[in-house]
Amino acid sequence: MDAIKETHFNFKGQTNYYKGKVRDVYTIQDKYLAMVVTDRISAFDVVLPEAIPYKGQVLNQIAAKFLQATSDIVPNWVINVPDPSVTIGRICEPFKVEMVIRGYLAGHAAREYALGKRQVCGVTLPEGLKENDILPEPIITPTTKASVGHDEDISREEILKQGIVSEADYVQLENYTRQLFKRGTEIAAKQGLILVDTKYEFGKVGDTIYLIDEIHTPDSSRYFYSEGYAERQASGEAQKQLSKEFVRKWLIENGFQGKDGQKVPEMTKEIVQSISERYIELYEQITGEAFVKHELTDVVKRVENSINKALAIL
């Protein structure tokens with residue numbers, strides 16, 4: 001099978017090109033972004049050597065679905081989704097914080113709690129919680145968006161004190177974040193899932209705040225299966241997760257965690273196909289819809305043609 005490993009297009013009006021870990025982003029006329037969600041896959045901050053067929057389509061279509069499903073809450077950056085692996089949208093000036101919201105004590109917050117910390121990003125957590133317990137109410141634990149290096153935890157107070165975001169805008173970001181998480185939680189529940197935690201990014205054009213980037217995908221969110229959640233918590237078992245954790249697990253079992261001197265294990269055709277099948281499974285579980293595999297012959301040419309057609313009518 002073919003896959004989108006990388007693209008090197010040159011569109012009319014193109015003013016910039018950025019290659020991220022999994023996305024190729026083209027700036028058009030300094031007004032629009034054409035974002036190709038490639039089939040590259042990363043883990044432990046490393047892009048793995050083989051691309052995963054359909055992975056980009058899965059992530060792009062989940063994000064498109066949930067951006068549309070929340071557009072009554074907050075406007076978003078999307079103008080057009082001209083191809084299963086492409087989104088075209090308006091350029092926004094991004095806020096330099098990511099709005100992370102947590103409904104359960106999991107991941108980073110659970111690790112901090114286990115170290116004895118009872119405050120995360122200035123938010124006080126109650127005593128007596130264990131990993132994956134539901135929180136009394138969802139908490140917002142923002143991070144800074146670092147240009148270089150890792151994002152850092154930051155409190156609401158520090159964001160306002162440093163003037164990273166104005167108070168009026170930050171209040172609105174918090175409001176949008178809570179509404180989006182509530183909607184995401186309701187949608188997940190219909191699919192037998194629990195939206196554990198997620199992150200949202202916002203930007204601005206003039207005085208209008210827009211939701212940008214992807215939302216509610218397995219790469220940006222953590223999901224648990226609802227069935228058996230309470231029993232697993234009561235017995236101290238690990239929760240059944242819906243995420244790309246299975247990729248990290250396979251790498252760890254084969255001696256790779258992104259550390260110096262470690263080598264990525266061989267990604268055989270069978271491994272690549274199994275990861276592809278798991279991503280398709282994620283899509284169907286999260287959306288409740290059958291995944292339609294788009295033609296992978298000359299897939300890069302298809303993507304280029306789709307973008308050219310979309311740009312011609314902007």
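**Exercise 1. Find how the lining of the second largest cavity divides into residue classes, then name the residues and give the volume.**

Step 1. The lining divides into 4 nonpolar, 2 polar and 2 charged residues. Here Ala, Val, Leu, Ile, Met, Phe, Trp, Tyr, Cys and Pro count as nonpolar, Asp, Glu, Lys and Arg as charged, and the others, Gly among them, as polar.

Step 2. The lining residues of this cavity are I4, D39, Y54, Q57, S85, L296, V299 and R302. A cavity is a set of points, on a 1 Å grid over the protein atoms alone, where a 1.4 Å probe fits but cannot get out; lining residues have an atom within 4 Å of a point.

Step 3. The space inside is about 50 Å³, where volume means the space filled by probe spheres set on the points, which are joined across faces, edges and corners.

Before going on, note that this is a predicted model, in which local features need pLDDT of at least 70 and side-chain atom pairs count only at pLDDT 80 or more, while totals for chains, interfaces and linings use all residues. Residues are numbered from 1 along each chain as its sequence is written, and side-chain values use heavy atoms, with hydrogens and water left out.

**Exercise 2. Work out which element gives the most residues to the lining of the largest cavity.**

Step 1. The largest cavity holds about 80 Å³ of space.

Step 2. Its lining has 14 residues, and M35, N60, A63, T87 and E214 lie nearest the centre. Two or more lining residues come from each of β3 (32-37), α1 (55-69) and β6 (78-83). Helices (H or I, at least four residues) and strands (E, at least two) are DSSP runs, numbered from the N terminus.

Step 3. The answer is α1, with 5 residues.

**Exercise 3. Is strand β9 largely enclosed or open, and which strands pair with β9?**

Step 1. Because 8 of the 8 residues of β9 are buried, the strand is largely enclosed by the rest of the structure. Buried means under 20% relative accessible area, exposed over 50%, and partly exposed in between (1.4 Å probe, protein chains only).

Step 2. Two strands pair if DSSP finds at least two bridges between them. β9 is joined to β13 (residues 143-144) by 2 antiparallel bridges, to β14 (residues 193-205) by 4, also antiparallel, and to β12 (residues 134-140) by 3 in the antiparallel sense.

Step 3. Now place some partners: V97 is bridged to T144 in β13, I101 to T198 in β14, and R102 stands opposite I139 in β12.

Technical notes: On a 1 Å grid over the protein atoms alone, a cavity is a set of points where a 1.4 Å probe fits but cannot get out, and a pocket is an open set with protein on both sides within 12 Å along at least five of seven lines; lining residues have an atom within 4 Å of a point.
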